[in-house]
Amino acid sequence: MKTLQTLAIATSLSLVTLGAHAADNFAGLTWGKSTSNIDRSSTLKQNMAGPNRFDDVIKNSGTWGVRAGQMTDEARYYATYENVSDDYGNGLKLRKQNLIGSYDVFLPVGDSTRLFGGASAGLTKLENESSGYSRDSDIGYLVGLQAGVLQRVSDNASVEAGYRYLRSNAGTEVAERGVGKVGSIDLHSTGQAYLGVNYHF
């Protein structure tokens, strides 16, 4: 967690430097639904036969985020922290935390409405908190794309809706207590639909 906090501060400072001449600062909250695809090692497939139940852990799961950045009429830079945690069936549970730096380009479609599209990069922390298994975590890289629509509702507020697709290389071991390692899992990709509200200052 200390690593993520340090990276959050460093990323925020970098974004402030990049957008030193931006006309608008903003901070906001996001809420959405995430679905992650989890790859199993060949050993885990043998020891946990059948469907990939880890794929059903983070599936349409509630995801919240906080972010801050700077915006011009043409583009925006921002840093986001996201957290999603969910479980499935017989005690499988995963938690995923993202620290993301993003850049979007705007396409105006009206006086107060803009379409946006951009790219993201950062870090993700995957934690295996499944019941009956030893806890394990790993931090990996992530890259992705996002697109959506931003609506300015006042001088100090805007709302948006978007979709983000992320690829990652984070993975954890799966070890039953009293038995030992039975395999490993890797976070392959995550799709997320979200709504956001921003305060401009």
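Biologist: What makes the residues of the lining of the largest cavity divide into three nonpolar, five polar and one charged?

Modeller: The division follows from residue type alone, because Ala, Val, Leu, Ile, Met, Phe, Trp, Tyr, Cys and Pro count as nonpolar, Asp, Glu, Lys and Arg as charged, and the others, Gly among them, as polar. The lining consists of Lys 96, Asn 98, Thr 124, Leu 142, Leu 166, Ser 168, Leu 187, Ser 189 and Thr 190, and under that rule these residues give three nonpolar, five polar and one charged. The model is a predicted one, in which local features need pLDDT of at least 70 and side-chain atom pairs count only at pLDDT 80 or more, while totals for chains, interfaces and linings use all residues. Residues are numbered from 1 along each chain as its sequence is written, and side-chain values use heavy atoms, with hydrogens and water left out.

Biologist: Why is this space called a cavity, and what is its volume?

Modeller: On a 1 Å grid over the protein atoms alone, a set of points is called a cavity because a 1.4 Å probe fits there but cannot get out, and lining residues are those with an atom within 4 Å of a point. Rolling a probe the size of a water molecule over the atoms shows where empty space is left. The search of the whole structure finds one cavity of 30 Å³ or more, and the largest cavity holds about 40 Å³, a volume being the space filled by probe spheres set on points that are joined across faces, edges and corners.

Biologist: Which elements supply its lining, and what makes them strands?

Modeller: E4, E7 and E9 each supply at least two residues of the lining, and E9 gives the most, with three residues. They are called strands because they are DSSP runs of E with at least two residues, helices being runs of H or I with at least four, and both are numbered from the N terminus. The protein has two helices and nine strands, which run α-β-α-β-β-β-β-β-β-β-β from the N terminus on.

Biologist: What makes a set of residues a nonpolar core, and which members of the largest one touch the most others?

Modeller: A nonpolar core is a set of buried Ala, Val, Leu, Ile, Met, Phe, Trp, Tyr and Cys residues joined through side-chain atoms within 4.5 Å. The largest one has 16 residues, of which Leu 44, Phe 54, Leu 94, Val 174 and Ile 185 touch the most other members. Strand E4 (92-108) and strand E9 (180-200) each supply at least two of its residues, and the largest share, three residues, comes from E9. A second, separate core of seven residues includes Phe 26, Tyr 78, Phe 106 and Tyr 194.

Biologist: How do you know which elements have the lowest and the highest confidence?

Modeller: The predictor's confidence in each residue is its pLDDT, from 0 to 100; among the elements, helix H1 (residues 2-18) has the lowest mean (48) and E7 the highest (98). Over residues 6-20 pLDDT stays under 50, while the mean for the protein is 90 and 89% of its residues reach 70 or more.

Terms used: Buried < 20%, exposed > 50% of the residue type's maximum accessible area, 1.4 Å probe, protein only. Contact = heavy atoms within 4.5 Å. 1 Å grid on protein atoms, 1.4 Å probe; cavity = no way out; pocket = protein on both sides within 12 Å on 5 of 7 lines; lining within 4 Å.
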